[in-house]
Amino acid sequence: MTSSPPALTRIRIGSAPDSWGVWFPEDPRQTPWVRFLDEVADAGYEWIELGPYGYLPTDPVRLAEETARRGLRVSAGTVFTGLHHGPGVWAETWEHVSRIAALTRAVGAAHLVVIPSFWRDDRTGEVREDRVLTPGQWRELTSQTERLGREVRDRYGLRIVVHPHADTHIDTPENVARFLDATDPELVSLCLDTGHYAYCGGDSVRAVETFAERIGYLHLKQVDPRILAEVVAQEVPFGPAVARGVMCEPPSGVPDLEPVLAAAQRLGVELFAIVEQDMYPCPPDRPLPIARRTRAYLRSCGAR
């Protein structure tokens, strides 16, 4: 007889529109937002992210009503940035960020997930720029991210958590370490996405332990090792890789989430761990059964 794992008392589990095949504010192939809210609550989650701005209602009063009556709360908003381009993109970036930060704060969340811009298009695979940053671009990326962290904190009381992501310039363990070494821990924390980190060759348990003081947020997902090997060998862009099923339902892929969550619990801080199984596009009836099974699996890992 096996014993149950220790309760993960410091980990707050949630899910996100991404797990319902939502990547864009509007897309006829995506799950309608009302159905997403109904189903994420039905699957047993109490926390959600906003997803792409404009997918859920942007009126904070209506959003608060819609989530509250389903027993849901918001953990974070998400923004996309191209800060390695320097001060020239700041005004446009801030206009985008400030809208999302205001909504995020208005519904009681405290985090803003920051995803770097893609060097190739996640739909078409078109190469937009060099996948390797110059030293000058690295300096702009780190200094402008610190600026963003300061402004978001001072104006909205939110903490930014930067999300390493496939097909961006913050991807591999080496690039994540380089980015963290060059940024102020008081202004910039890390959103460790277990799926993207594995996709880019990283070990999430080692990352939690190595970057312990920088871990501010978790995204939970797994990759299918067989499909990953194919897409890496064939240099398949991230969007088409997702369409092939590279991000898979736990616990069928890697990394094993139980030791990742146990390592996060040992940090001794309160952390959100939000399920994000990239599934764009996907049939409308597919997400809910997966979400239910994933929630049950996470309970078996100690995430009550």
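**Salt bridges and surroundings**

A: Arg293 and Glu249 join their side chains in a salt bridge, 2.7 Å from N to O; the term means a side-chain nitrogen of Lys or Arg within 4 Å of a carboxyl oxygen of Asp or Glu. Bear in mind that this is a predicted model, where local features need pLDDT of at least 70, side-chain atom pairs count only at pLDDT 80 or more, and totals for chains, interfaces and linings use all residues. Residues are numbered from 1 along each chain as its sequence is written, and side-chain values use heavy atoms, with hydrogens and water left out.

Q: Why does Arg293 count as partly exposed?

A: Because its relative accessible area is 44%. Buried means under 20% relative accessible area, exposed over 50%, and partly exposed in between, using a 1.4 Å probe and protein chains only.

Q: How many salt bridges turn up in the whole structure?

A: A search finds 19.

Q: What about Glu151 and Arg155?

A: Their side chains form a salt bridge at 2.8 Å, N to O. Both lie in helix 4 (residues 135-156), four residues apart, which is about one turn of the helix. Glu151 counts as partly exposed because its relative accessibility is 21%, and Arg155 counts as exposed because its value is 54%.

Q: And Glu66 with Arg70, buried or exposed?

A: Both are buried. They form a salt bridge too, with the closest N and O atoms 2.8 Å apart.

Q: Switching topic: what does UniProt place at residues 37-300?

A: The unreviewed entry has "domain: Xylose isomerase-like TIM barrel" there. UniProt positions follow the numbering used here, feature names are shortened, and annotations may be inferred rather than shown by experiment. Over residues 37-300 the chain is 43% helix and 16% strand, with the end C-alpha atoms 24 Å apart.

Q: Last one: what is Gln265 in contact with?

A: Leaving aside neighbours within four places in sequence, Gln265 is in contact (heavy atoms within 4.5 Å) with Ala7, Leu8, Thr9, Arg10 and Ile11. Gln265 lies in helix 10 and counts as buried because its relative accessibility is 13%.

Terms used:
Helix = DSSP H or I, 4+ residues; strand = E, 2+ residues; numbered from the N terminus.
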